[in-house]
Amino acid sequence: MAAAPTAADLTAMVDRRAAGLPLEHVLGWAEFCGLRVAVDPGVFVPRRRTEFLVRRAADLVAVLARPRAVVVDLCCGSGAVGAALMSAVDRLELIAVDIDPAAVRCARRNLTAAGGRVYPGDLYDPLPPELRGRVDILVANAPYVPTEAIGFMPPEARDHEPRVALDGGADGLDIQRRVAAGASRWLAAGGYLLVETSERQAPQLAETFARHGLIPQVASSVELTATVVIGTGPAPQRGTGG
Ligand SMILES: C[S@@+](CC[C@H](N)C(=O)[O-])C[C@H]1O[C@@H](n2cnc3c(N)ncnc32)[C@H](O)[C@@H]1O
């Protein structure tokens, strides 16, 4: 009711919700980490559980204690994760990427005013080459629903969120494997890769991290029913003279 300027608008909004549109698409925003994040039609609605990814990433930015940490959010969707990180942590250089033009437009609405940059494209492809070896924190809430399981998702998701935001391939790990495979090229010495996943998929994803030279650790939150695999990147080189 607070979001509808007139009674006619309220009726139209209720009709859209009753027809199955996610509440966040009806309102045009989602609450995420205490922020109001704009969510355009056809863009993935940020989930509460992803707040755990944000918390863990913010903790690691604090551990690194860089004067200005470089954070890359791959598969950024609305940009919710980056927006929450920029709000939680001072002096962050945030770069976000998404393959879906609607998500890129939406993420720009949420991130550019605070200084974040958003690039369209496939995972690492659009990142500026000067970021190679300079990324302190790589976060990704990439699609991880196995193709066959999409049909069992609530209608809000399967009918109103784009397939590209959900479909992780036969075992749900197709995109995450590519994220893990590319991380070492972009991470700074001692940097971290954090990928949201399910409890069931976490052991396999952790193995994938290890295969690509990252030291994996699985973190979970019972409160948020959330699981994140965290990989520590290559250790700082000694004796290189800085
Ligand atoms: C599960 S949604 C998560 C969005 C956002 N990170 C969040 O937590 O709200 C996954 C996002 O990944 C994007 N995506 C899928 N494949 C991609 C790829 N190959 N490169 C970049 N983005 C991709 C989709 O467009 C979608 O916005």
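This is a predicted model: local features need pLDDT of at least 70, side-chain atom pairs count only at pLDDT 80 or more; totals for chains, interfaces and linings use all residues.
**Legends: ligand site and pockets**

Figure 1. An oxygen atom of the ligand lies 2.6 Å from a side-chain N or O atom of aspartate 98.

**Figure 2. The shell of residues around the ligand**. The ligand is surrounded by 18 residues, and the closest are Cys75, Asp98, Asp122, Leu123 and Asn141. By class, the shell consists of 10 nonpolar, four polar and four charged residues. At least two shell residues come from helix H7 (163-166), and at least two from helix H8 (174-186).

**Figure 3. The largest pocket, which holds the ligand**. The volume of the largest pocket is about 850 Å³. Its lining is made up of 48 residues; those nearest the centre of the pocket are Phe44, Asn141, Ala142, Pro143 and Tyr144. Of the lining residues, 25 are nonpolar, 13 polar and 10 charged.

**Figure 4. Helices and strands that line the largest pocket**. Helices H4 (80-88), H7 and H8 each provide at least two lining residues. The strands that each provide at least two are E4 (92-98), E7 (187-197), E8 (215-221) and E9 (226-232). H7 gives the largest share, three residues. Both H7 and H8 also supply residues of the shell around the ligand.

**Figure 5. The second largest pocket**. This pocket contains about 190 Å³ of space. It is lined by Pro22, Glu24, Val45, Pro46, Arg47, Met153, Pro154, Glu156, Ala157 and Glu161. Six of the lining residues are nonpolar and four are charged, with no polar residues.

Conventions: Residues are numbered from 1 along each chain as its sequence is written. Side-chain values use heavy atoms; hydrogens and water are left out. A residue is near a molecule or strand if one of its heavy atoms lies within 4 Å of it. A polar contact is a pair of N or O atoms within 3.5 Å; within protein, one must be able to donate a hydrogen and the other to accept it, and residues adjacent in sequence count only if both atoms are side-chain atoms. On a 1 Å grid over the protein atoms alone, a cavity is a set of points where a 1.4 Å probe fits but cannot get out, and a pocket is an open set with protein on both sides within 12 Å along at least five of seven lines; lining residues have an atom within 4 Å of a point. A molecule sits in a cavity or pocket if more than half of its atoms lie within 2 Å of its grid points. Helices (H or I, at least four residues) and strands (E, at least two) are DSSP runs, numbered from the N terminus. Ala, Val, Leu, Ile, Met, Phe, Trp, Tyr, Cys and Pro count as nonpolar, Asp, Glu, Lys and Arg as charged, and the others, Gly among them, as polar. Grid points are joined across faces, edges and corners, and a volume is the space filled by probe spheres set on the points.
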